[in-house]
Structure formats: structure tokens, C-alpha cells
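My entries follow the structure.

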Amino acid sequence: MRLQRKGNMLASTLLFLSCLVLIGLAGVQLLLAGLRVWEAGMSALLLDNNGRAVCRALERELNAELADAAVRVGSDGDVLVGNGVRAGREYSFFSQPSPETGRRAVYRSVSVAGQAPGVNPLTDPNSVAVTAWQVRCLSKNTVEAAFQLQDIRTGRRREYHVLLTLYNARAAAETGQY
């Protein structure tokens, strides 16, 4: 009788421990699935923050500050250049490897009165890489920019397209201000 009780107790204990192991494994799987969802969300947020920063800068400068725009082919691809509405300001937008990381980033450069231009990164080369950058003028006052960003950690990519209007192009041409 005692042997039978010990056998039942041992079987019950093993069954209980097996259930605990299964519950633990299910919990780990749920945790990993949640982690993957969180990582995807963080990656999307990172790409979106960088992509929107480029789009906002292009919109702000081209819509209000530029009197004209042209696309030139530089050593690292398309370069959008333009003269500001205020005399002596020259703007350029381009993609090139970052001096810090070697990954491609989007930059804005502004030169005032012929001085050495200030160059500012619009994307974070430590977290995203620019995998494509293309700019083209559709008309005298319309520019299309298309670029693709890649999250360095996850490899996820996202494309951005922005259609820009130089609202001051005609006004600047009429008044002779460049």
C-alpha cells in the first residue's frame, strides 16, 4: 500500500513538474513573440522619425525658402541645389557616406554670402542607412524626391516619396530676387 502511494505521489509530482515546464515554455514563447512585435514597432518608429525629418526639411526649405531648384549629379548621386529667396543663400540636399560610420545619410547644406557651407545630417547614420536617394525636377517649381531608409539593427526598409512645390519660384523670378 505504501509503495502504491509513493508511486502515485511520484507520478503526480512528475505530472505537476511537466505542466510547469510546459507553462514556462509557453510563457517564453509569448514573451519572444511580444518582443518581436515590440522590435518591429520600434523599427517602424525609427524609420518614420528619420524619414519624416528629411521630408519636413525638404518641405520647409523648398516650399518657402527656395527661389529655384536644379538637380546635379554629384560623386555620390543626385544633389538638389537651389538659390534662396534671400540673396546670397545657396541650399543643397544630398546623400553621401557619413564620416563617422561610413553609412549613407541625407544631408542639408546651406551657404550664406559665399561662405563655407554648414552641413547638417537629416538622418541618423548610427541607426539608419540611406539605401536609395533620387531627386528630379518635374517643372520649374516642382520637385520630386524619393528615398529609402533601412534600419541597421533589423534590416527593415521603408520608402519615402515627397512632391514639393517651390511657392516662391515665380515671385522671385518676377522681382528679380535670387
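**Strand pairing**

I looked up L80 and found F93 as its bridge partner in strand 3. Strands here are DSSP runs (E, at least two residues) and helices are DSSP runs (H or I, at least four residues), numbered from the N terminus. I note that this is a predicted model, in which local features need pLDDT of at least 70, side-chain atom pairs count only at pLDDT 80 or more, and totals for chains, interfaces and linings use all residues. Residues are numbered from 1 along each chain as its sequence is written, and side-chain values use heavy atoms, without hydrogens and water.

Strand 2 and strand 3 (residues 89-97) are antiparallel and share five bridges; two strands pair if DSSP finds at least two bridges between them. Their hairpin has five residues between the strands, and G88 there takes a positive phi near 85 degrees.

I then turned to strand 1 (residues 70-74), which runs antiparallel to strand 2 and is joined to it by five bridges. R72 stands opposite V79 of strand 2. Two residues separate strand 1 from strand 2 in their hairpin.

**Burial**

Why is strand 2 (residues 77-83) largely enclosed by the rest of the structure? I found that five of its seven residues are buried, so the strand is largely enclosed. Buried means under 20% relative accessible area, exposed over 50%, and partly exposed in between (1.4 Å probe, protein chains only).

**Helix 1**

I located L45 in helix 1 (residues 2-65). L45 is partly exposed, with a relative accessible area of 44%.
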